[in-house]
Amino acid sequence: MTKKDFAAQMDERLKAVRKEYGFTQEKMAAVLGISKKTLVEIEKGRSSLGWTGAAAFAAIFSESTILQETYGGELTDLVEALAFADAAPQYPKTMGGKVWWREIMKKKGYRIQQNLISGHFRLLDKENHRLMASFELERVLERMKRELQG
């Protein structure tokens, strides 16, 4: 798969994901940072998100059932693989969340953290994989509750 193939596939799924999230064309355009006219053109197959727009769309809607079923789960690895297809990056070491995050709650291995700079929250699983992120603590608490219920 190439970046161009990926963008075309994202274009094809844009309308379905918009409907999955219950967004109007106006709201979806605002979320993606494009005009409604551009969104309509993409949905009609006359324009494209392009590589950058497709990567942003995949990141923003990474929780989409439609996208996860299409690509077999988390899209981050696919986007990175496409981005670095012709490069061999030396990934920087992470700080393990110790510098930028403060722990809000820990329960049965799941952790809710808050970013010290932006203020957004994230839910990590037992292996420190991010399950979700939100500026609304209540949404993160609800997701944690669902995870704990199995």
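Mentor: Let's start with the layout: this is a predicted model, and its protein chain has 7 helices and 4 strands.

Trainee: What makes a stretch count as a helix or a strand here?

Mentor: A helix is a DSSP run of at least four residues and a strand one of at least two, so α4 (50–60) qualifies as a helix and β4 (130–134) as a strand. From the N terminus, the order is α-α-α-α-α-α-β-β-β-β-α.

Trainee: How do you know which residues of the protein chain count as buried?

Mentor: The cut-off is under 20% relative accessible area. Of the 150 residues, 32% count as buried. The accessible surface of the chain comes to about 9,800 Å², with 51% belonging to carbon and sulfur atoms.

Trainee: And what makes two residues a contact?

Mentor: Heavy atoms within 4.5 Å. Among contacts with a separation of 6 or more, 43% are between residues 24 or more positions apart.

Trainee: Which side chains count as positive and which as negative?

Mentor: Lys and Arg are positive, Asp and Glu negative. That gives 25 positive and 20 negative side chains, and the centres of the two sets lie 4 Å apart.

Trainee: How much space lies in the largest pocket?

Mentor: About 650 Å³. Its lining has 25 residues, and the closest to the centre are Ile60, Ser62, Glu63, Ala133 and Arg139.

Trainee: Why do those count as lining?

Mentor: Lining residues have an atom within 4 Å of a pocket point, so these five pass that test. The elements giving two or more residues to the lining are α4 (50–60), α6 (76–83), β4 (130–134) and α7 (137–149).

Key: Residues numbered from 1 in each chain as written. Predicted model: local features only at pLDDT ≥ 70, side-chain atom pairs only at ≥ 80, totals over all residues. Heavy atoms only, no water. Buried < 20%, exposed > 50% of the residue type's maximum accessible area, 1.4 Å probe, protein only. Areas by Shrake-Rupley, 256 points an atom, 1.4 Å probe, with all protein chains shown as cover. Charge placed at Lys NZ, Arg CZ, Asp CG, Glu CD. 1 Å grid on protein atoms, 1.4 Å probe; cavity = no way out; pocket = protein on both sides within 12 Å on 5 of 7 lines; lining within 4 Å. Points joined across faces, edges and corners; volume = space filled by probe spheres on them.
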